[in-house]
Amino acid sequence: MAAHRHADGPPAAEALRACARDVVDVAEGIREVSARTSSVLFAPALTAAARRHPRTGCAARWALLRALTDKQGLGGSAVVAPDGMGRLLGAAGQLLGRQSLAALVAVTSLRLRLAALLLDHPEFAHDPGVRRLTDAVDADDEAAVRALRALFEDPDAQRALCGLAPVLTGLLTVRGLLAEDPGDDEAAWALTAGHGLTAGPGPGPFRSRAADRTEGAPQAVEPTAREARGLAAEGSLLGFLRNIDALSAGGRLLVQEVRGPDGVLRYVVQAPGTAPGRPRDDCAQDFAGAWRNLFMADSPYTRAVLLAVRDHGIPRGADLALIGHGEGGITLLNLARDDEFCRAYRVTHVVVVGAPLDGGSPADPRTWVAGVTNRHDIVPVLDGRGAGTAGTPHPNRYEVDYTGPTREFPLCHLLSGYLEHLETVVPQARVDIDRALTPYRGRVERSRVYRLGDRARPPEGHPFLTVPTTGLVTSAGPVDVPVRYYDSSAVHLCYPVDPDVARTLLPDVAWLVPTRFGRRALAVLSLYEHRCTTLGPYTELALSVPVDDPWRPHAHDIAADLLRPADLRRTGRYVVSLAVGSREARAVAEEVWAQPAVQASADVRVEGRELRVRAPELGLSVEGRPGPGVRCPEADWVLYGRRGESTVRTLVRARGQPHAHARPRVRLRLDGAHGPLARQLQILELDAVRPGFALTSPRFMAHRSAGAVLPR
């Protein structure tokens, strides 16, 4: 979708981002005024004057207090009083539901950022994190502030928000402005991080009170033989970027020693970006871990890079080049802005690809900074400025902003795409940057790989999701199995159906028979919202039919199976049709689990007592209330698929709090339905009846094994 243009102005999305930037500047100005007013209110000189002249002094203090805390004024809390009275007043204001003017203005800025995002990329309307943010900010101003505060404090919501690279900086800034205490270090960091700046006199990468609590732990590791052969032997821009691309899958950092044309040994740090929505349990720079630490002065990623540089033994005063992609580029830019880091090493060059070059300048004015951004890449415009627009003038700044061939995110952010574009779309940029990197255009004498870990927290989903994994290759790229689901919701609508009709939907093999419940069979329509998985976030709509044991079917097998562990069950659900929201999920469903799948976007909401599903591409919708429910055992499943002459069995283990609901008030509607899933729902006539019962899991974790091929 192309960005709309005003008659005599920039594209609408760029205008919205610029406006959001102006609005957040206003919010920060209001906050600074609040802080100064609070300081004056409780200044010792004013207190002494009020005691000497109570009539005029008390009136002055009362006027300041009203200006600071009144709803018609700054609306904030007096929080910097040394005697604690201001904090008490601020706490009282929060209990009364009063919100500061700075917070209210900040929410307006976030609304503008979200509007710009959805204008350029309407596909993000289906993203769980964007949806939760939109629901929060769509309320009136004060309710929106309260909703955002609750969202930032909810660990489950943070999993959905952690994949939102397009508005991450806006979230940082707004979170800082929502904090009631301007003196709070973490709030101050959030404010400065929103601009991509180091937190001034506060703790930086070398000065951190958080360093004793949270620390990225780099570990020197050996690359595989294939990776080692693929590492660049000569220094060049494309060589450094290919190194990052090759090692980023394992969340690894590379430090190389390069002998320049002048014979001087120099060092190059190469930092990878992140994969949105995909937790990396052993890596410090995944979004899920970064969310908990971006509000501190040094995130695990920044700390890990710093410790890797130290571990490598780079001598003080050595020439150092920093090359990064995405979030890795942002981390390296922050290091280049740190005074102490630049006193320890001479940072000569910083080159970032797919990362915002904001108005901050390196600590060393001699540092040459370059940025390459694709206009369709959302990450480089996090700060509210258009990609490639000029920030604070800097004599050593080089920026390249071009239009790539695809608008789809995250494809437009992938480093592999940037590598291709530097050779085909913007080759002059590659030539210019390579010319600037001439001191590093020599033989690589040593390469050392570091895995960036985080000692401060257990793996995501521990212990349930800490299982052995195996890598498989699919048409959509490599995947790890079992596939892990860190934060999902699901509703299983169970319909009694005619066994003969259900049998027509199954493959034409005599032994694959629908399980009978009395005189009826069962059709299960499963609706999933997967907010955080190792495949990325996606939605899933599945139609399945419970089937008997393929070898020795008995009348009451399914009742006995429910008493057995899932891995010992003989019955299961045959997946008749599947609609998933991402290319990766479709590839895994078809190639690993042998389930017939189509790709189609859907909006699945399982919230409180309401169920709402919209799938316009399928002409399908589900609405209603499941009604009262009772707790039931964990919903582990065995799923069957069919590949050629074999049956594929997949084991699904889940952990949550499922509930069973009898006769739920839920209706399936098929309006202009098309596609395999819709046709099979019509054959079963499920849109004409209500489900017999439903199983709901508003929040659960799960892992799905690779499909085991059965000779049947």
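How closely do the axes of helix 1 (residues 12-41) and helix 5 (residues 101-120) come, and at roughly what angle do they cross? Select both helices: their axes come within 8 Å and cross at roughly 165°, where axes are lines fitted to C-alpha atoms, for helices over the stretch in contact, and angles run from 0 to 180 degrees between N-to-C directions. Helix 1 is therefore roughly antiparallel to helix 5, a term for angles over 145 degrees. The crossing of helix 1 and helix 5 is left-handed, meaning that the near helix is turned anticlockwise from the far one by less than a right angle.

This is a predicted model, in which local features need pLDDT of at least 70 and side-chain atom pairs count only at pLDDT 80 or more, while totals for chains, interfaces and linings use all residues. Residues are numbered from 1 along each chain as its sequence is written, and side-chain values use heavy atoms, with hydrogens and water left out.

Next, select helix 12 (residues 237-247), where eight of the eleven residues are buried, that is, under 20% relative accessible area with a 1.4 Å probe and protein chains only. Among these buried residues are Leu-237, Phe-240, Asn-243 and Leu-247.

Now move to the second largest pocket, with a volume of about 630 Å³. On a 1 Å grid over the protein atoms alone, a pocket is an open set of points with protein on both sides within 12 Å along at least five of seven lines, a cavity is a set where a 1.4 Å probe fits but cannot get out, and lining residues have an atom within 4 Å of a point. Of the 25 residues lining this pocket, select the closest to its centre: Leu-562, Arg-569, Asp-636, Trp-637 and Leu-695. The lining has 17 nonpolar, two polar and six charged residues, with Ala, Val, Leu, Ile, Met, Phe, Trp, Tyr, Cys and Pro counted as nonpolar, Asp, Glu, Lys and Arg as charged, and the others as polar.

Finally, the structure holds eight cavities of 30 Å³ or more, and about 200 Å³ of space lies in the second largest cavity. Of its 24 lining residues, His-492, Tyr-528, Trp-637, Val-652 and Phe-700 are the closest to its centre. The lining of this cavity divides into 14 nonpolar, five polar and five charged residues.

Conventions:
Points joined across faces, edges and corners; volume = space filled by probe spheres on them. Buried < 20%, exposed > 50% of the residue type's maximum accessible area, 1.4 Å probe, protein only. Helix = DSSP H or I, 4+ residues; strand = E, 2+ residues; numbered from the N terminus. Parallel < 35°, antiparallel > 145°, perpendicular 65-115°, else oblique.
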